[in-house]
Amino acid sequence: MSAATTRKQPFLNRERRRILYAFLAGIILFIIGELVRPGFASPSGIRAILVVASFVGIVAAGQTFVILIGGIDLSVPWVLNAGAILMVTSSLGHDARAIPALALTLGMGAAVGALNGAGVALLGIPAVVMTLAMNGIMQGLTLGLSGGMTCTSCGAYAPPVVQAAVHHSFLGLPIVLWIWIAIIIVVSFLLAMTRFGRMTYTVGNNARASHLAGIHVSGVTIVLYALSGFFSALAGIMLVGFGGQAALGMGDPYLFQSIAAVVIGGVYILGGRGHYLGSVAGAISLTVLVSVLLAFNMPDYGRSIVYGVVILALLLLYGREEENG
Amino acid sequence: MPIPETILAASGPRRSRLSHALTQNIGLALVVALLVACIILYCGLYIATQHRLPGGYELTSTLNNTMPLAFAALAQTLVVLTRGIDLSVGGVIDLTNAVAALTLMGGPVSTTIWTIAILGIGALCGLLNGVLVAVGRLQPILVTLSTLSIFQGIAIKILPQPGGAMPPGFTGVLANPNVPLSLIYIPLIGILWAIFRRTRLGVSVFAIGNDAMAASSHGISVKRTTILAYMLGGVASACAGLFLAANATAGDATTGDTYTLTSIVAAVLGGVSLFGGRGSGLGALFGAFVTVMVVNILFFAHIDPLYQTFYEGLFLLAAVIAANVIGQIVRRRR
Amino acid sequence: QSSGKTYKIALSNSYIGNKWRLEMENVFKAALAMDPFKTEVVGSIYNSGNDVSKQSQQMSNMIAERVDAIVIDAASPTALNGIIHQATSRGILVVSFDSGVTAPSAIKVNISQYDLGKGWAEWIVKQINGQGNVIMVTGVAGTEVDLDRNKGADSVWAQHPGIKVVNRFTGMWDSSTAERNTAAVLPSLPKIDAIWCQGGTDGVLKAFISANRPLPPTAGEAENGFRKMMLGIGGHTVTGYSAGSPPYLSLMALELARRILNGTYPKKNIDVPNVFLSNADLKLGVNVFADQPDSFFDDFTAGGPTSPVDICAQAAIDGSACTDQKLIINLPAA
Amino acid sequence: MTIAAVEAVDIGKAYGGVAALTKASFTAQAGEVHALVGENGAGKSTLIKIMGGRVRPDSGEIRIGGQAVSLNGPQAAHHLGAWTVFQELTLLPWMTVAENLLLQQEPRSSLGLISRQATLRDADALLARYGVMHIDPRALVEDISLAERQTVEIVRAVSHAPKILFLDEPTSSLVEREVEWLFGQIRRLREQGCSIVFTSHRWAEIRSIADRITIFRGGADVGTFTDIDEDEAVRLMTGRRVEALYPPLTPRPAAAPVMLEARSLSGPNLRQVSFALHQGEVLGVGGLAGHGHRELFRTVFGDAHASGGTLTVQGKEKKFRSPRAAIASGIALVPEDRKTEGLLLRMSVRDNASLAILKRLTRFGILKPQEERRAAQHVVDSLRVRTAGIGLAVGALSGGNQQKVLLGRWLETECQILLLYDVTRGVDVATKHEIYELVASLARSGHAILFYSSDAEELAHLCHRVLVMREGVVAAELHAPGITAEDIVSAAVRDHRAA
Ligand SMILES: Nc1ncnc2c1ncn2[C@@H]1O[C@H](COP(=O)(O)OP(=O)(O)OP(=O)(O)O)[C@@H](O)[C@H]1O
Ligand SMILES: Nc1ncnc2c1ncn2[C@@H]1O[C@H](COP(=O)(O)OP(=O)(O)OP(=O)(O)O)[C@@H](O)[C@H]1O
Ligand SMILES: [Mg+2]
Ligand SMILES: [Mg+2]
């Protein structure tokens, strides 16, 4: 057995295989879409779907961080809405104010997230309760402070640079996709190659043991939730860029979608295992699935059923847990 | 009776039974305290604004409006105890509510039969979830996320348009608007829960939530227990759907959706651990009452409607923090 | 008309996450500060989100508070029937609007959603001479409003076999969802000759613009963003036909409640006529607002003292009372 | 010879590519105590898991009462009268001791429901029957110590009147007196014709109770013996000789500075504990389980907060608010329960080994993978951790090897003060020897070591001084040379004997 000490782990371990399969599922769904509706998987079709997926993917980055430590962020919808509104009201649609507005908005997201983290780590409030309450708090604050979005600046447009970042292309890809690629690289690097990433996994595996090994568990927790808030706010900014203006209710769909993307991508809901690349694959395949279903001319109830069945079928193909024992 | 050669002697006096009971049921004790505090606050506000005491009507309507959530929270608890989570609670409520709207219209006999059939539908939904989790070895959150969508779709298919009318007798029993008949359901749930806790199945559910591997080495079938827990959860969700239909006197295939999240919150408030193995259905029941009392308290506090969710959020946090502080004090005392 | 009595009237709203609902509440709030309501009515506003049991609980509290009338925008057409019945049987007047309710004892104030869907479709048929590809962007599945609007449209398509509905998908009445969904399907769609859209119209059009598609004739809601495009503000011009549920339905319901309570109007339902506007009917500052967000609903007033409601734009924008104009609400002749 | 009670024939089992067992056999007779010994990772636990029906073998045969059986679950083994106490205990943490004891055989009331009162009563009676008076059946398992958990698990297995009893390292966290108790139980069962198969890394125990010994090496048995001396056994297990188990005690320099000083430390289960730990000293802590050792270690490490008293580290008074602060002052702790408090079971050996020195292995927050690998490999090599590679999940290692990884984690740091809580628990003889050497050499090189052990023998040989704790108080302080295990045990129980 000592001869085995140098044995290498297979490159395609379970987790990596799972990410690969999630990507494959997306590709297969693209092909099905193309068969049903020629043009679905045309370059412009793929680009449009990836742009839509990028919003989910950005929120899912934050959700990945908190789920990796066994938490969850239910405050996504209204942090996102608040981010969108803060972006337009602080920039008033002027490019000159875009930078401070971006900083303010992202800072707001991170601060709200940090509060979530502090509630979870320092006050011991269950993440579900803390972040759900925070969602309500942000909704109340957003509606109340903007007078129900009636403030004079609420109707402002996103600064042209922000709109351009979503709609314009660079080397054939919309800039928003470049941003997403940058996020994928940074987040994956952060998780895989940095001390902070390592601490994230250790806390997710066993907070008690991490604490006894000298890891600042509460600090890590707070930073992770802050990142989640940050990414929600960023998604809000991207969405106002996409639509031009802030609208209430923009964030609603992103809660379940982001969680679904993360868990479908193989991140374990009780923490400690998974990669952002998995969440990316999850975001893409889910968006393609929704789009394929939209392309089928079928009633909504049918879409709803098929959606569930397809996800189950995909998971039965690749997402099964190991038999324990 | 063998006489041990060596006796491992006690080193000090044992802790009192009460102290054990308190620390073991700390979650339950806290939610009860929380509920009492909410009720006191509510009564204070009510008297201050209405210049009279809340009476039978207030009691009846609060009970009737809480019952669906109470059952949904119970359903959630059964699944969460196994270290799972059930996002399809809302879907099962949609589905059973829709079926109720279509079928509960005849006389008492047909109504009774259909009521039982609807509970059976809930059990089937739970069976599907349970089998996919236990035999399919999929993560519970993924399974129930998918089945949520499936159940919602089926519900809209069978009841595309809200409608139907519950027979008065059905409403009279489940959600009587005039007498606080629902008062009997609370002890009933309490008794059912106590019975459940004292069955093999109940113990097994807790055991697999504690440590599935350890439970299986004691001969507990993890698969069977998981499936049964989801099925019971399905039945409880179906109860929620029925109570919702009774309270509404009609059906709607979309009203269950909100229960997915609120059931989790009620369970967590009730001291159920999302990591499984710890908690009580009774706690979840009280957790449901706390969430409804929060609505009442904020109503009579007459808050700017735009800021309403802000205060709800703050209140929820304040309540949980207060409960935590009390819990710490109790724990430190032992 | 004043009878010298004051009435307690509460608005029970459900969802509060979009601009329409906010405007609806704003005009309500503004009206409470204007004559005749200023002297005759003590009003209050509550939101419950899409949670029926919460709305039901809030209505119970209104009953406990012994209000004279409840004006509701319901989370479900049927799920509140039980509580509505309780209210009316206690002599409380219940007036529903927008998301209507089926409870027979409630008075309803609404536009005909069926006619709205039909009107849009008929305009499209005329625009494209009964020949061509149409996409339908629908609303929230399982709701009555969605269903009625679709039915209205389908009744028209049935008579025009030359019209091909090439795709039908939901926009959830939300610009941003509509935009995303449209963007996702657009690449695979053939040439589109017309758009029929229940809501989020501006989002659908933005998706067309992003995909460099020409803007076909569009029948849609009354979003400011859509109407701005009809006027060519922002560089793209669309031939459009805009109509929707006006947010001032809440005012008509309020006025109806007041009139019924003081005995000057019979207890009966009111049908509010649909007002369709085409490009030529639009006037900046009257029914389109350059400085309001795209998501603003422009049909808060039909303009002029003879229209159903005449109220200043400021009331809809921030809920403040109008300073230079009187509030006029014209209920149909009794 | 009569028919063997239980027999394993050429059992093989591989996990992924790693062979845990290649061709393992042994035979145990009725009325025999049969010890399985071998190095950490030799495959003992795997074999016992297979015999207990928890793991399916890849090859080979199990015979019970001469009959080949196929065990498709623990229940199948139970039906054949075979009960097992696994190395990783299988108690349910958030259930009471009583519920755990009577799991699956709860007493019913007349209504057919499980009666809690009867469960408590039966559990109480059960514990009393086996002479276990110090465990409250109402307590939650998570609130009792590892030794108490071990005891509960043993009582549960014994209570079924097994025909065959497998005990995988039942004594690893037990102190002398509890071991005595267990052996009493084993003798009684043996008299009743039960066949007991157990594993242990404590030679003294093996010698005192085992009738026969089967030695394992690298996943296969190398022979069964009735009479074999320790040196020979170790040689067969490891392929090398271990000279003397305990290294000679180097006297600590007379004027060594005080590294850590506690004055009147008080807290839950701690009353006015004072001691001074000098540079180069190994200060032992002993006594019966549950008498404040755990709390003492946690308090010194900043994981529990003292309600009174002071702690001085290298002359500076400290109030640690968290382990992080203690670590920053050069203190390290190897905790009691490696599974829940020490290791990240699903993470790799590398991740676990480098956890405490991550800061050193990063620049600008970015990990230096080369150096990390080197550090982890250093831990593996220097402590001879048996693993298929540093990428393997640490949970897949054998118990003793897990402990080595945990110890190695701290040796990579620059800590001055080591709090070692039962570090040799579940560690094989050869490794124990290595650890003793290590502890001695750490002391020589100027480390100060606070050393708790459930093994009084170990304390007696390794420590300059031993504090014996009883009910949260330091009841006695023994000074080397001349400390014996008996001294420690009698100091720990003096009161009870008198009572
Ligand atoms: N006894 C315990 N049981 C379980 N988890 C624990 C325990 N002690 C600590 N933890 C974990 O560690 C967290 C608190 O410890 P933390 O790492 O925040 O301390 P710290 O950051 O070192 O303290 P400080 O911020 O005061 O310096 C808890 O949220 C919990 O996750
Ligand atoms: N689930 C598993 N996955 C991979 N390898 C495993 C697993 N379980 C055991 N092994 C490997 O099998 C070998 C034998 O382990 P086992 O636990 O049987 O050893 P042991 O003799 O009981 O050691 P110890 O005395 O330390 O308890 C070890 O090398 C271990 O790493
Ligand atoms: Mg801390
Ligand atoms: Mg072992």
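A salt bridge is taken here as a side-chain nitrogen of Lys or Arg within 4 Å of a carboxyl oxygen of Asp or Glu. Under that rule A:R198, D:R350, D:D351 and D:E372 are linked in a network of salt bridges, and the count over all chains comes to 41 salt bridges.

The model is a predicted one, in which local features need pLDDT of at least 70 and side-chain atom pairs count only at pLDDT 80 or more, while totals for chains, interfaces and linings use all residues. Residues are numbered from 1 along each chain as its sequence is written, chains are lettered from A and ligands numbered from 1 in the order in which they are written, and side-chain values use heavy atoms, with hydrogens and water left out.

**Salt bridges**

| Pair | N to O separation |
|---|---|
| C:R21 and C:D73 | 3.4 Å |
| D:R212 and D:E32 | 2.3 Å |
| D:R350 and D:D351 | 2.9 Å |

The side chains of C:R21 and C:D73 meet in a salt bridge, and this pair links distant parts of the chain, with C:R21 in helix α1 (residues 19–32) of chain C and C:D73 in strand β3 (residues 69–73) of chain C, 52 residues apart. Helices (H or I, at least four residues) and strands (E, at least two) are DSSP runs, numbered from the N terminus. C:R21 is buried at a relative accessible area of 9%, and C:D73 is buried at 0%, where buried means under 20% relative accessible area, exposed over 50% and partly exposed in between (1.4 Å probe, protein chains only).

The side chains of D:R212 and D:E32 also meet in a salt bridge; here D:R212 belongs to strand β9 (residues 212–217) of chain D and D:E32 to the loop between β2 (18–28) and β3 (33–38) of chain D, 180 residues apart. Both D:R212 and D:E32 are buried. In the pair of D:R350 and D:D351, D:R350 is partly exposed, with a relative accessible area of 26%, whereas D:D351 is buried, with 8%.

**Ligand 1**

Ligand 1 lies between chains A and D, and the residues that surround it, taken as those with a heavy atom within 4 Å, include A:H211, A:H216, A:V217, A:S218, D:R321 and D:R324. Polar contacts are pairs of N or O atoms within 3.5 Å; within protein, one must be able to donate a hydrogen and the other to accept it, and residues adjacent in sequence count only if both atoms are side-chain atoms. A polar side-chain atom of A:H216 lies 2.7 Å from an oxygen atom of ligand 1, a polar backbone atom of A:V217 is 2.9 Å from an oxygen atom of the ligand, and a polar side-chain atom of A:S218 lies 2.5 Å from an oxygen atom of ligand 1. The protein covers 62% of the 630 Å² of accessible area that ligand 1 has on its own, as given by the Shrake-Rupley method with a 1.4 Å probe. The elements giving two or more residues to the shell are α9 (207–212) and α10 (217–243) of chain A, and the largest share, three residues, comes from α9(A).

**Magnesium site**

The protein donors of the magnesium ion (ligand 4) are D:S45 (OG) and D:Q87 (OE1), lying 1.8 to 2.0 Å from it; donors are N, O and S atoms within 2.8 Å of the metal (3.2 Å for Na, K and Ca), and water is not among the atoms, so sites may look incomplete. D:S45 lies in helix α1 (residues 44–51) of chain D and D:Q87 in the loop between β6 (82–85) and α3 (97–101) of chain D, so the pair ties together parts that are 42 residues apart in sequence. D:S45 counts as buried at 15% relative accessibility, and D:Q87 counts as buried at 17%.
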